[in-house]
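Work through the two exercises below with the sequence and the model open beside you.

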Amino acid sequence: HVHCVDHLWGWPVMSIQQVLLSSIHNTHYQVFTSSGEFIVPDGITSVDVLVVAGGGGGSAIIYGSTNIAGAGGGGAGGVLVSTGYSVAPLDSISVNVGNGGDGGIVNNPQTSRLSQARDGQSSQFGSLIALGGGGGGWAYTTNSANGAAGGSGGGAGFRTAIGGGGTAGQGNAGGSGIGGTIASAGCGGGG
């Protein structure tokens, strides 16, 4: 989602609709839940912006004749807050709203990549880009079980795997496996 505010009195709490334009305490805001254009109101030279990217998908559990393994959770979409973002009156600013990543599909045999999750899509307001969340690791092999990096990283999908890294200022790393030889469940994505 992308929120634009031309005078900040606090973020209002209300249900999100396709495009919402309202006025509370002389604060005008617009919420985008799909891509579009923000037209800067006349007389406005700066806006406060909240940009949230799509979260990563969670991987699916995989199983075979000798192995059942966990699957990592997807990382949260990156979050950016900018106060006083410079704009020019009546300018048109491109807004891109990223979707969440697809989750994996439970499958057998283990050779299929259907279990692998997809990363979330990035969201953008002008030059501000919030990165999509990393997909959760899938436990087909130790190398593939690492969570993907993103706004927040995806969780590991295997006992010796590591969580994907998060982006500084946008999110955190996903959880890592605990090691050992006993199969473990997948780890959570970063927030």
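The exercises concern a sheet with one of its residues, and then the nonpolar cores. This is a predicted model, in which local features need pLDDT of at least 70 and side-chain atom pairs count only at pLDDT 80 or more, while totals for chains, interfaces and linings use all residues. Residues are numbered from 1 along each chain as its sequence is written, and side-chain values use heavy atoms, with hydrogens and water left out.

**Exercise 1.** Locate Ser123 and describe the polar contacts of its side chain.

*Solution.* Begin with the strand: Ser123 belongs to S10, residues 123-125 (strands are DSSP runs of E, at least two residues, numbered from the N terminus). S10 is joined to S11 by 3 bridges, and Phe125 has Leu128 in S11 as its bridge partner. Then check burial: Ser123 has a relative accessible area of 0% and is buried (under 20% relative accessible area, 1.4 Å probe, protein chains only). Finally, polar atoms of the Ser123 side chain lie 2.9 Å from the backbone oxygen of Val52 and 2.9 Å from the backbone nitrogen of Gly98.

**Exercise 2.** Which residues touch the most other members of the largest nonpolar core?

*Solution.* A nonpolar core is a set of buried Ala, Val, Leu, Ile, Met, Phe, Trp, Tyr and Cys residues joined through side-chain atoms within 4.5 Å. Among the 17 residues of the largest one, the answer is Phe38, Val47 and Phe125. Strands S5, S8, S9 and S11 each supply at least two residues of this core, and S5 gives the most, with 3 residues.

Note on methods:
Buried < 20%, exposed > 50% of the residue type's maximum accessible area, 1.4 Å probe, protein only. Helix = DSSP H or I, 4+ residues; strand = E, 2+ residues; numbered from the N terminus. Polar contact = N/O pair within 3.5 Å; in protein donor to acceptor, adjacent residues only side chain to side chain. Pairing = 2+ DSSP bridges.
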